[in-house]
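Here are my notes for a first look at this model. Take them point by point, with the structure open beside you.

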Amino acid sequence: MINSPAPGGLWALHAINYESPKTVDEAVKLLAAHGEQARPLCGGTDLIIQLRAGVRRPEYVVDIKNIREMRRIEFSMQHGLRLGAAVPCVEIYENGDMRKYYPGLTEAAHLIGSLQIQSRASVGGNLCNGSPAADTTPALIALGAKCRVVGPGGERLVPVEDFCTAPGRTVLQAGELLVEFQIPSPARNSSDAYLRFIPRNEMDIAVVGVGASVTLDLSDERISEARIGLAAVGPTPIFAREASQALSGKRISDETVERAAQFAIAAASPIDDMRGTAEFRRHITGVLTRRTVAKAIERARSTQTSR
Amino acid sequence: MAKKVVVEATINGEQTEFLCEPRQSLLEALRDVLELTGSKEGCLTGDCGACTVIVDGRPLCSCLMLSVEAQGKTIQTIEGLAQPEGLHVLQQKFLEHASLQCGICTPGFLMSAKALLDHNPKPTEGEIRYALAGNLCRCTGYDKIVRAVADAAQTLASGTRKGSAGRLGSGPSASEQTEQFLQEQEVK
């Protein structure tokens, strides 16, 4: 064995203790015991960068990837989906049920970063990092996902659209851990889609991201239910409530979709930054809303034969 | 502050044991502890892919994984790509197609390409580019890298070591063009 000759140079992490609990209870105890001095580690694709930059300096890093409950993808038509918060993106898009029943969430997971990032990054981590531009969050919003949070005081279910409170901040209190997402079973003739705008082809952070899910009543050519989520156009991911309601009960038509797009634009409150101006982002919100709703509708139609 | 930890992992087919601090990344453990310096440090933020290794069959950035997380894992690095019989087909094609200049991105590209072909032996050009999107190159402009991977895929699929210039376009590979040029010079 060879000893390390140097401490790692300028960008070495500060000294940390590494813990690897095997159950949620163990993890919660550790997080509660150390409070601000502990941070959960999942894929590390956000946390390790923050540790390296000195933005966070917890003494304890609590690896939650070895907790079975947080690594499972459990789906049934009867009960819907329980998606462990620590499942890496790659396992999501390699899962046949995810691709078939939740294609929008799956394609969002397949868009984060690169394949290297997707081997490690998780949907739970994507949400807990609290970026308004997180790719999987609008798709989760569109699906009406609930977040099961476990803490020293017990458990609670938080609607995903309420999870982020400000850039980088979430509703998680000291000692609390996001354990899994609970997503309803896909209704007949329903589907979802996620699209984002980035200046390059891959690797960028979303300038605008839109997730949409629709349930169709094909006997009447109507959209019975719809949900639209937006990324990168506000301080948190946004549930475009009025845009979603603008689609419910309406005839499937270009005019209906256009109305929803206009409401989505109104729901957005983007800023000017180096990735785009507010005006550009509002415009793209409209474009992507039209496209994701259209894509979700097209997919929802074709599920009639496949389920 | 934190004590060193013993980590056991299978690295390039060999059972390996090494000592490291929890704060060291896998990249640091590979380079500084195990002296496997083939994996490169480019950005330390998971953007450039120069540190790409394959862990339990999946490509990832070793700069964004803690060394202690390697416990019990199976890791392939660039050092394990060539076999006793010779270079891997991917390496051979990179040479034939002149897919490197300074070479610092090359180990990362080769590992990403290997992971791609292990999962998808017949990738389209689009799939190759997507799979390599997490690897940056400042020298080559990527074209020759993509051709080499396509050629390697074709060669591996056909079971022969000789391939063609790759499915991307017709025409000879870079080394075949050089060959041709030199022959023309001789004729003159």
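1. Start with the sheet in chain A: it is open, has 3 strands in the order β1-β3-β2, and the pairing is parallel. Strands are DSSP runs of E with at least two residues, helices are runs of H or I with at least four, and both are numbered from the N terminus; two strands pair if DSSP finds at least two bridges between them. β1 (17–19) and β2 (38–41) of chain A are the edge strands, each with a single partner, so one side of each has no neighbour in the sheet. From one strand to the next, the twist averages 25 degrees.

2. A word on ground rules. This is a predicted model, where local features need pLDDT of at least 70 and side-chain atom pairs count only at pLDDT 80 or more, while totals for chains, interfaces and linings use all residues. Residues are numbered from 1 along each chain as its sequence is written, and chains are lettered from A and ligands numbered from 1 in the order in which they are written.

3. Back to that sheet. β2(A) and β3 (residues 60–63) of chain A run parallel and are joined by 4 bridges. To find your place, look for A:R39, which sits opposite A:V61 in β3(A). Helix α1 (residues 24–34) of chain A packs on the sheet and touches β1, β2 and β3 of chain A. Its direction makes about 165 degrees with that of β3(A). Contact here means C-beta atoms, placed from the backbone, within 7 Å; axes are lines fitted to C-alpha atoms, for helices over the stretch in contact, with angles from 0 to 180 degrees between N-to-C directions.

4. How is chain A divided up? The domain assignment gives domain 1 (14–63), domain 2 (68–183) and domain 3 (191–302); such bounds come from an automatic or database assignment. The centres of domain 1 and domain 2 of chain A, taken over C-alpha atoms, are 19 Å apart. Their contact takes 12 residues from domain 1 and 18 residues from domain 2. On the domain 1 side, α1(A) gives the most, with 5 residues. That side divides into 7 nonpolar, 4 polar and 1 charged (nonpolar: Ala, Val, Leu, Ile, Met, Phe, Trp, Tyr, Cys and Pro; charged: Asp, Glu, Lys and Arg; polar: the others, Gly among them).

5. Now over to chain B, which has an open sheet of 5 strands in the order β2-β1-β5-β3-β4, with mixed pairing. β2 (14–20) and β4 (58–61) of chain B are its edge strands, pairing on one side only. Neighbouring strands are turned by 40 degrees against each other on average, direction ignored. Strand β1 (residues 5–11) of chain B runs antiparallel to β2(B), with 7 bridges between them; B:V7, for instance, has B:F18 as its bridge partner in β2(B). α3(B) packs on this sheet, touching β3 (52–55) and β4 of chain B, and its direction makes about 35 degrees with that of β3(B).

6. One last thing to check is the helix pair in chain B. Helix α2 (residues 89–96) and helix α3 (residues 106–119) of chain B pack at an angle of about 130 degrees, with axes 10 Å apart. The contact is made by B:L90, B:Q91 and B:F94 of α2(B) and B:T106, B:L110, B:A113 and B:K114 of α3(B). These residues divide into 4 nonpolar, 2 polar and 1 charged.

Methods:
Contact = placed C-beta atoms within 7 Å.
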